[in-house]
Amino acid sequence: MRVPTLTLAAAGVALIAPATLPGAAAALPPEARTAVHGEGAGAGQGAGPAPAASRDVPAVARPERAATTPSRGRTTTAPPRTAAGTGQDRAEGAVTAADLLAKVGTCTEISNGRYRTDANSPATVPVCGAQGAVFWRADLDIDCDGQATVHCNGQADPLYSPSTAYVQSDGRPLNAETLPYIVVPAASSRWSPGASGVRGGSVAAVVYQDRVQYAVVGDTGPSDLIGEASYATARGLGISPGPSDGGVPSGVTYIVFKDSKADPIEDHQAAVSTGERLARQFVTDN
């Protein structure tokens, strides 16, 4: 979800009766951006890199702008691009994909309505509440925004933006090629991530097939769309990470631990150690 910066504002959330998680829907074309993306669409493009800041400044959202930049959508429903599983769950820690997926089979909806995975897809994805976390199941579109790198730059990615909603401790944008991060929807009447303890730097366990990848909340997207993560997140899950032709159309589970934080946001090992501890707690408590 191509987003410049948004501040996650508090809003009320509604508790609805449990429901079975739906599968994610197909993707669609990226441009027609401001006209297609529902309530989250707007005319703004991503701004340039954030100004430098001192090392002791934690991950912060840049000033709120008048519009978000809409999501990248795949032009077709692509098949999963991943190697076959080995029969043993592959994770960065001891908590396996099977452990986590066993705890997210039913959904107690906390979103006041559901999300689309892409602009023309139906709104079928709820945000679900659990003890110590929120979660959803959707597709995975590739976010390549932030610092320009070999694979994430304006030539490789026609929708590339040099900014991310949250920045490193030195004030620079995040590095999508090296840092596993996820994108959350901008706050709206549908759901306010901040009100659920989900903010920049919050730690997530992203699950696909037999793999678990720990990541941080690093970017925000349109308020009506969900299902996007960085180049590095996709690569860690065995998913093709190409910004134009990568991603998968369904089957990715995002579990974000409430009131968690990797400090500094760019330290992936901090996210792994925090994520593994909270994942064990999540499995115990749910």
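I count a disulfide where two cysteine sulfur atoms lie within 2.5 Å. The model is predicted.

**Disulfides**

I searched the whole structure and found two disulfides. Cysteine 107 is joined to cysteine 128, S to S 2.0 Å. I looked up the torsion about this S-S bond: it is about -100°, so the disulfide is left-handed. Cysteine 107 sits in strand β3 (residues 106-109) and cysteine 128 in strand β4 (residues 128-130), so the link ties together parts 21 residues apart in sequence. Both cysteine 107 and cysteine 128 are buried.

Next I took cysteine 144 and cysteine 152. Their sulfur atoms are 1.9 Å apart, and the two form a disulfide. The link is left-handed, with -70° about the S-S bond. Are these cysteines buried or exposed? Cysteine 144 has a relative accessible area of 0% and is buried. Cysteine 152 is at 0% relative accessibility and also counts as buried. In sequence order, I write the pairing of the bonded cysteines as 1-2, 3-4.

**Nonpolar core**

I then turned to the largest nonpolar core, which has 62 residues. Leu100, Trp136, Leu140, Ile182 and Phe257 have the most contacts inside this core. Strand β5 (residues 133-143) gives the largest share of the core, seven residues. I listed what tryptophan 136 touches, leaving out residues up to four places away in sequence. Among them are Val125, Pro126, Val127, Ile182, Trp191, Tyr254 and Val256.

**Salt bridges**

My count comes to four salt bridges.

Arginine 114 and glutamate 109 meet through their side chains at 2.3 Å, N to O. Arginine 114 is partly exposed at 27% relative accessibility. Glutamate 109 is at 5%, under the 20% cut-off, so I log this residue as buried.

Aspartate 259 pairs with arginine 199, with the closest N and O atoms 3.1 Å apart. This pair links distant parts of the chain, 60 residues apart. Aspartate 259 is in the loop between β10 (248-257) and α4 (268-285), and arginine 199 is in the loop between β6 (181-185) and β7 (203-208). Aspartate 259 is exposed at 59% relative accessibility, while arginine 199 is partly exposed at 41%.

Arginine 280 bridges to glutamate 276, the closest N and O atoms being 3.5 Å apart. Both lie in helix α4, four residues apart, about one turn of the helix. Arginine 280 is partly exposed at 43% relative accessibility, and glutamate 276 is buried at 18%.

Technical notes: Residues numbered from 1 in each chain as written. Predicted model: local features only at pLDDT ≥ 70, side-chain atom pairs only at ≥ 80, totals over all residues. Heavy atoms only, no water. Core = buried A, V, L, I, M, F, W, Y, C linked by side-chain atoms within 4.5 Å. Buried < 20%, exposed > 50% of the residue type's maximum accessible area, 1.4 Å probe, protein only. Helix = DSSP H or I, 4+ residues; strand = E, 2+ residues; numbered from the N terminus. Contact = heavy atoms within 4.5 Å.
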